[in-house]
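Please look over the sequence and the model together before reading on.

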Amino acid sequence: MADFRTFKRGMSFYGEVVWTPGVGEPADLIGCTVTSAVLDADRKPHDLVVTNPSSDGINYVAQLVDTTEWAVGDAYWDFKVTTPSGFNYSTTWTFNIIPQITK
């Protein structure tokens, strides 16, 4: 995932993430459930749509078209991977949601 510091509310949110397994983790996430959400400044979670367009279990896209309801301020984003033996969370990325100015 590329680093970013700000995101403008109202734009479509789109992020690409590549699965890189650690020791003892599966080589790919085929058969696993991958979910993702953004937690906005009001501490409201916003579920993202997660897809694996290449069907390889490695390259994932998380997106949400309508972000007009996201609260301005500090926000957090992560992924959850659910495997047959349990679940694991990704790194949490922090960023700032800024308002749109022109209506």
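Two strands pair if DSSP finds at least two bridges between them, where strands (E, at least two residues) are DSSP runs numbered from the N terminus. The model is a predicted one, in which local features need pLDDT of at least 70 and side-chain atom pairs count only at pLDDT 80 or more, while totals for chains, interfaces and linings use all residues. Residues are numbered from 1 along each chain as its sequence is written, and side-chain values use heavy atoms, with hydrogens and water left out.

**Strands**

Strand 3 (residues 33-39) pairs with strand 4 (residues 45-47) in the antiparallel sense over three bridges, and Ala37 stands opposite Asp47 in strand 4. These two strands form a hairpin with five residues between them, and Arg43 in the turn has a positive phi of about 65°. Strand 3 also pairs with strand 7 in the antiparallel sense, over seven bridges, and the bridge partner of Val38 in strand 7 is Trp77.

**Aromatic rings**

Rings of Phe, Tyr and Trp (its six-membered ring) pair if their centres lie within 6.5 Å, and planes under 30 degrees apart count as stacked, over 60 as edge-to-face and the rest as tilted. By this rule the count comes to 10 aromatic pairs, including the two in the table.

| Pair | Centre to centre | Angle between planes | Type |
|---|---|---|---|
| Phe7 and Trp70 | 5.5 Å | 45° | tilted |
| Phe79 and Trp93 | 6.3 Å | 90° | edge-to-face |

Phe7 lies in strand 1 (residues 6-8) and Trp70 in the loop between strand 6 (59-64) and strand 7 (73-83), so their pair ties together parts that are 63 residues apart in sequence. Phe79 lies in strand 7 and Trp93 in strand 9 (residues 93-98), so this pair ties together parts that are 14 residues apart in sequence. Buried means under 20% relative accessible area, exposed over 50% and partly exposed in between (1.4 Å probe, protein chains only); Phe7 is buried at 10%, and Trp70 is buried at 1%. Phe79 is buried with a value of 4%, and Trp93 counts as buried at 16%. One aromatic cluster is formed by Phe7, Phe13, Trp70, Trp77, Phe79, Trp93 and Phe95.

**A charge over a ring**

A charge sits over a ring if NZ of Lys or CZ of Arg is within 6 Å of the ring centre and within 35 degrees of the ring normal. The charged end of Lys80 sits over the ring of Phe87 in this way, 4.6 Å from its centre.

Definitions and conventions. Helix = DSSP H or I, 4+ residues; strand = E, 2+ residues; numbered from the N terminus.
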